[in-house]
Amino acid sequence: MRIASRSLTLWIILLITGCSFWNPSEPDPAKPIHLFPQPRIPLDAVGLELAVVRIDEDQLSDFEEFWSVLDEQEIPLADRKKLDANGIRIGVMSSNPPAIFQTLVEPRAIQTSELKSYEKQIHDRGMLEPRKRMVEHRQISNREGQAYLIPTSGLKMETSWTITDQDHQSVGSGELVQGHYSITTYPSGDGSVNLVLRPEIHHGETRSRIGVAERNFRFEETQTIEAIDELKLKLALRLGESVVLAPTEGLSFTTQFESNTLGEVLFSPLDDPNLLGEVEPVHQFLVVRISQTQRDDLFSSNEQFKKLTTTPKY
């Protein structure tokens, strides 16, 4: 009888606890159900979308049409004059890009009539992809005061450059030269983002140096870096807006060793030995878009609004 009594007791316990697994309580209507975790970014971070786009010779008129719809008045006149003297122009694109922008960035159609025999065979097998015009396309989360570096040009084996600052000119030269832009972000309390854009020229053989990352020492391979502080630019953008940096119209972009404007070094095209019968690239341009901020609805957690105002440390 004792064994039977214990069995009955155990059965009752299992029956009761089993019901708790198979009959969950009704969901609380005050607590919304999320199928996926809410995306979160650090309190001081900004989401950026970066693109470096190549322009081919037969796209020059389309590019000028695109440039005509950008807002250059967002940039102070003194800054625009200083950039123009160095072969650089700048404009702001609204959160609704013009249709011509899509035409500029979409992959170029392959001209099958210009393909070599072996290239055509690869194309007929569906193994030849059209060449991308966006030579760089990155989506990053950038912390407050953090400088992010992106290459904006192809690599020149040897060249020189001239930097104009009002009435003063300085000349530099080097081998293995490539243009870059350093991008630093400072989120603002009104939902806008303060951007600091600084051009840089990297050149020479890479060498090891000790850097600091996440409070730890590490070895880095870097070239000689010429930071052009004279042309450092500060501007504010809102969510969805983009700043576009490009060379001024009519630059030569020669690959020979001769004095270039800074714009010719920063936006010279990437050499492509596999053009597949296409026209030659003329130049490149940089697009920096604000894709996420603390004011973005995707990041509307109340906890994320604790830190919104920032004093820029330019």
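Predicted model: local features only at pLDDT ≥ 70, side-chain atom pairs only at ≥ 80, totals over all residues.
Residues are numbered from 1 along each chain as its sequence is written, and side-chain values use heavy atoms, with hydrogens and water left out.

Strand E1 (residues 45-56) and strand E12 (residues 281-292) pair in the antiparallel sense over 10 bridges; here two strands pair if DSSP finds at least two bridges between them, and helices (H or I, at least four residues) and strands (E, at least two) are DSSP runs, numbered from the N terminus. These two strands belong to an open sheet of 5 strands, whose order is E2-E10-E12-E1-E3 and whose pairing is antiparallel. At its edges lie strand E2 (88-93) and strand E3 (134-143), each of which pairs on one side only. From one strand to the next, the twist averages 15°, where axes are lines fitted to C-alpha atoms, for helices over the stretch in contact, and angles run from 0 to 180 degrees between N-to-C directions.

Helix H2 (residues 60-68) lies across E1, E2, strand E10 (242-247) and E12, running at about 60° to E2; contact means heavy atoms within 4.5 Å. A search of the whole structure finds 5 aromatic pairs, counted when rings of Phe, Tyr and Trp (its six-membered ring) have centres within 6.5 Å, with planes under 30 degrees apart called stacked, over 60 edge-to-face and the rest tilted. One of them joins Phe63 and Phe66 in a tilted arrangement, 6.0 Å centre to centre and with 50° between the planes. Because these two residues are 3 residues apart in helix H2, Phe63 and Phe66 are separated by about one helical turn. Both Phe63 and Phe66 are buried, a term that means under 20% relative accessible area, as against exposed for over 50% and partly exposed in between (1.4 Å probe, protein chains only).

Phe63 also forms a tilted aromatic pair with Phe285, at 5.1 Å centre to centre and 50° between the planes. Since Phe63 lies in helix H2 and Phe285 in strand E12, this pair ties together parts that are 222 residues apart in sequence. Phe285, like Phe63, is buried. Ring pairs link Phe63, Phe66, Trp67, Phe101 and Phe285 into a cluster. Over the ring of Trp67 sits the charged end of Arg89, 4.9 Å from the ring centre, the criterion being NZ of Lys or CZ of Arg within 6 Å of the ring centre and within 35 degrees of the ring normal.

Strand E12 also holds Gln284, which is buried, with a relative accessible area of 2%. Its side chain reaches the backbone oxygen of Thr152 at 2.9 Å. Leaving aside neighbours within four places in sequence, the residues in contact with Gln284 include Val52, Val53, Arg54, Val135 and Thr152.

Two further residues concern the backbone. Gln166, found in the loop between strand E5 (156-165) and strand E6 (168-187), has a phi near 60°, a positive value in a residue other than glycine. At 72% relative accessibility, Gln166 counts as exposed. Leu176, whose place is in strand E6, has a positive phi of about 50° although it is not a glycine.

Conventions:
Polar contact = N/O pair within 3.5 Å; in protein donor to acceptor, adjacent residues only side chain to side chain.
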